[in-house]
Amino acid sequence: MLFNKPLTDIIKQRFSCRTYLRKPFDSDTFARLTDFIASDQDGPLGNRTRFELVSATEADAKALRGLGTYGFIKGATGFIVGALCENESALEDYGYLMELIILKAADLGLGSCWLGGTFTKSRFAKKIALNADEIIPAVTSVGYAAQNPRWVDGKIRAAAGSDRRLPWDKLFFDGGFDTPLSKDVADVYAMPLEMVRLGPSASNRQPWRIVKDGDDLHFYLRRTRGYRTNNYAKMLKMDDLQRIDMGIAMCHFELTLQGLGIDGRWVVNDPGIATPNELTEYSVSWVE
Ligand SMILES: Cc1cc2nc3c(=O)[nH]c(=O)nc-3n(C[C@H](O)[C@H](O)[C@H](O)COP(=O)(O)O)c2cc1C
């Protein structure tokens with residue numbers, strides 16, 4: 001079994017943890033997490049990623065600030081760093097595989113926070129001995145969550161609107177983008193979709209839109225206006241972060257469905273459904 005606790009509880013309890021206790025991993029937790037990381041390499045869309053758990057130093061926190069990641073991470077015990085070759089669907093696979101590790105870390109009682117940006121030329125690149133053809137699209141801090149988060153954590157959560165999730169009728173659709181999908185019609189897919197809705201996303205933009213068409217579910221990326229054109233966003237490659245968000249949604253969706261005993265697979269095959277605007281683009285489909 002992948003997790004000790006029910007997956008839906010893990011997803012509901014996870015949050016972006018930005019303040020940690022200054023404490024090393026206990027040896028059992030460390031061993032279980034590193035074993036899990038070593039086994040988590042092949043993404044659902046065919047890209048291979050290598051992940052490593054590296055220990056954190058004071059200088060890492062400073063380097064993160066320099067890179068403009070919007071959260072201030074304090075006291076993390078380690079970072080999960082992954083490297084992969086830039087390729088079609090590589091970022092979706094990266095999101096999927098990293099999120100799997102984050103859920104495992106939560107299952108083991110650890111807090112974590114996704115940190116977006118481009119880390120390819122950073123000190124993380126050295127830690128993972130990055131090859132010339134590889135990139136590090138994001139990293140994750142990990143450690144034991146502090147009981148009393150700092151004042152600044154609340155400010156970051158408020159700025160990113162972290163506690164707000166879009167309602168169903170803005171995210172999920174029936175047959176096409178004109179008809180919102182009700183939970184009744186979603187049927188067995190209701191819980192997996194709810195788990196997508198609760199997932200983390202860069203700046204909490206929640207860019208996933210899903211159209212149910214019979215037993216096929218088509219995933220679309222609703223890009224945030226400005227992420228592509230604004231210079232700050234370009235520097236942080238925000239554009240790409242939304243493809244990572246899509247991978248996170250795929251991970252929550254597939255794992256929850258698996259838990260319900262329902263099989264299927266991912267394919268990239270645009271069904272040609274009319275999209276509501278130029279910011280919405282097809283990503284991937286789940287088919288039975
Ligand atoms: C791809 C990605 C990149 C993120 N980058 C950052 C970051 O650089 N700094 C930060 O403080 N939080 C970052 N976050 C966390 C989001 O702000 C957070 O997931 C969102 O606000 C929802 O809050 P929650 O995770 O507590 O549910 C990132 C999340 C994702 C998925």
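Among contacts in the chain between residues at least 6 apart in sequence, what percentage join residues at least 24 apart? The figure is 75%. Keep in mind that this is a predicted model.

**The chain as a whole**
- You're looking at 11 helices and 10 strands.
- The radius of gyration comes out at 18 Å, close to the 19 Å that the globule rule gives for 288 residues, so the chain is as compact as a globular protein of that length.
- As for burial, 43% of the 288 residues count as buried.

- The chain splits into domain 1, covering 7-154, and domain 2, covering 168-287.
- Their centres, taken over C-alpha atoms, are 23 Å apart.
- Where the two meet, domain 1 puts in 22 residues and domain 2 puts in 25 residues.
- On the domain 1 side, α1 (7-13), α4 (90-107) and β3 (111-116) each supply at least two residues.
- Helix α4 gives the largest share of that side, with 8 residues.

**A five-stranded sheet**
- To trace this open sheet of 5 strands, follow the order β6-β7-β8-β10-β9; the pairing is mixed.
- At the edges you'll find β6 (172-174) and β9 (265-267), each with a single partner strand, so one side of each has no neighbour in the sheet.
- From one strand to the next, the twist averages 25 degrees.
- In general, side chains in a regular strand alternate between the two faces of the sheet.

**Strand pairs to look up**
- Strands β8 (residues 216-222) and β10 (residues 280-287) pair in the antiparallel sense, over 6 bridges.
- Within that pairing, Y220 sits opposite Y282 of β10, and L217 has W286 in β10 as its bridge partner.
- Strands β9 and β10 also run antiparallel, joined by 3 bridges.
- For a landmark there, find R265, which stands opposite V287 in β10.

How values were computed. Residues are numbered from 1 along each chain as its sequence is written. This is a predicted model: local features need pLDDT of at least 70, side-chain atom pairs count only at pLDDT 80 or more; totals for chains, interfaces and linings use all residues. Two strands pair if DSSP finds at least two bridges between them. Helices (H or I, at least four residues) and strands (E, at least two) are DSSP runs, numbered from the N terminus. Axes are lines fitted to C-alpha atoms, for helices over the stretch in contact, and angles run from 0 to 180 degrees between N-to-C directions. The radius of gyration is taken over C-alpha atoms; the globule rule is 2.2 Å times the number of residues to the power 0.38. A residue is buried if 20 or more other C-beta atoms lie within 10 Å of its own, exposed if 12 or fewer, and partly exposed in between; C-beta atoms are placed from the backbone. Two residues are in contact if their C-beta atoms, placed from the backbone, lie within 7 Å. Domain bounds come from an automatic or database domain assignment.
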